[in-house]
Amino acid sequence: MKKKYALVGTGGRGVHMYAKPIVERYKDNAELVAMCDINPKRLKLANKEIKRHIPTYTNFHKMLKEVKFDTLIVATKDSTHHEFIIKALETGHDAITEKPMTTDDKKCRAILKAEKKSKKKLIVTFNYRYAPYTTRVKEFLHKDIIGDIISVDFQWYLDTSHGADYFRRWHRRKENSGGLLVHKATHHFDMLNWYLEDEPEEVFARGALRFYGHARKEMGVRCLTCKYKKTCKFYFDIEKAELNKKFYREAEGEDKYYRDRCVWSKEIDIEDTMAVSVRYKKGTFLSYTLNAFLPYEGWRMALNGKKGRLEAEEFHSFPTGIPDVQTIKIYPLFKKPEIIKVPKATGGHGGGDTRLLDMLFKQGIPDPLGHQAGSRGGAMSILIGVAGNKSIATGKPIKIKDLLK
Ligand SMILES: NC(=O)c1ccc[n+]([C@@H]2O[C@H](COP(=O)([O-])OP(=O)(O)OC[C@H]3O[C@@H](n4cnc5c(N)ncnc54)[C@H](O)[C@@H]3O)[C@@H](O)[C@H]2O)c1
């Protein structure tokens, strides 16, 4: 029997990651029976984009009342995820949510409580876990190649294209996204929590807005009408890409969602520079940094174990081009190092998106490495960021257990 899905949030991610694949690639296993969004134009366009006439709703409660489905897919603005997840669970549906599961500890506790009370299940879609390269690292760790992990050095780099984009949209306000320590780093903390098979205990963080925001005098409200558009290196042409033009520019009359707001705005209250120190329950120390204004994009991680060190790195943009082979370097103590070459996978998020969707929508795919994440994984990854935010605000270390009370 085909499973029935409803989708809330028909922005770029909702349509291209879920609606389109369901009606095309997964049509034998899954059926999309309704779509909901507060913006009626984007909803209409969603049907046009997937070439279907799926029933649409601007009122979530009406959709819930009128449509029979098994699972709700949540792809709205981060700070609203909890509303839909909780309502779906309370009314006897399973839920699949985009990352981050939610944006603060209060909403996190409410989700965990609702899932516990219901007989239903929440899945959080951490696509980075699924990429062939990150999976390969997990396989080595699973074989205990480097022994118990004592410490981790982890740096994530966002460039002046993708990185700057977080400062143009709703992500730029902590009330919407939880800041990059939640919105973005949830991926990174989740990947590491999964590698370590452990949970965070205590977090200390520093963070600042040093590059974007009020750092520049020459600013406007949005790129479209800005007098500096000819000279600003951060000019974003909202009408250049067809998707942005149709889904955002032409739909903005409905909700004033301007996708090209000025990255130098005083309204921005998220950090672009963050340093986080985490102690895990089994004793591992993590030293993590996130910078959102760099000349290239990617990450580097080194896992320092009792039997050796494993180094991994990936680039999403690089001035000389992205290498088509990635390496994992293993340095065993007192033995010769080993360099493993992994061909660069194609597809969204290092090839992770398709593999994640296969596991969601095809039945019976085995999961020996535990790729699929539930609410606990969702919670543990955001709570590092939430604790980080609290630590930045107070200058004090924050215990994760205090956020779960
Ligand atoms: N896993 C990944 O790699 C990845 C990549 C991109 C986005 N995302 C996540 O996907 C989600 C959507 O991101 P996006 O880039 O498509 O954002 P977006 O702003 O383009 O789309 C969000 C959509 O949600 C709608 N919406 C907002 N509040 C709503 C509400 N209360 N009720 C109904 N609809 C509402 C908006 O109108 C919009 O159409 C976010 O949570 C984001 O973090 C994940």
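This is a predicted model: local features need pLDDT of at least 70, side-chain atom pairs count only at pLDDT 80 or more; totals for chains, interfaces and linings use all residues.

Residues are numbered from 1 along each chain as its sequence is written.

Helices (H or I, at least four residues) and strands (E, at least two) are DSSP runs, numbered from the N terminus. Nine strands form an open sheet with mixed pairing, in the order E14-E13-E12-E11-E7-E10-E9-E8-E16; two strands pair if DSSP finds at least two bridges between them. Strands E14 (338–343) and E16 (398–399) are the edges, each pairing on one side only. E16 runs antiparallel to E8 (residues 200–208) and is joined to E8 by two bridges. Opposite Ile 398 in E16 stands Val 203.

H6 packs on this sheet, touching E12 (308–317), E13 (325–332) and E14, and its direction makes about 15° with that of E13. H10 lies across E7 (149–159), E9 (273–280) and E10 (285–294), running at about 155° to E7. Axes here are lines fitted to C-alpha atoms, for helices over the stretch in contact, and angles run from 0 to 180 degrees between N-to-C directions. Two residues are in contact if their C-beta atoms, placed from the backbone, lie within 7 Å.

The two helices also pack on each other: H6 (residues 132–142) and H10 (residues 185–196) meet at an angle of about 25°, with their axes 9 Å apart. H6 is therefore roughly parallel to H10, the term for angles under 35 degrees, while over 145 is roughly antiparallel, 65 to 115 roughly perpendicular and the rest oblique. Thr 134, Val 137, Lys 138 and Leu 141 of H6 make the contact with Met 191, Trp 194 and Tyr 195 of H10.

H10 has another partner in H14 (residues 375–394); their axes come within 8 Å and cross at roughly 120°. H10 is therefore oblique to H14. On the H10 side the contact is made by Ala 185, Thr 186, Phe 189, Asp 190 and Asn 193, and on the H14 side residues including Met 380, Ile 382 and Ile 384 take part.
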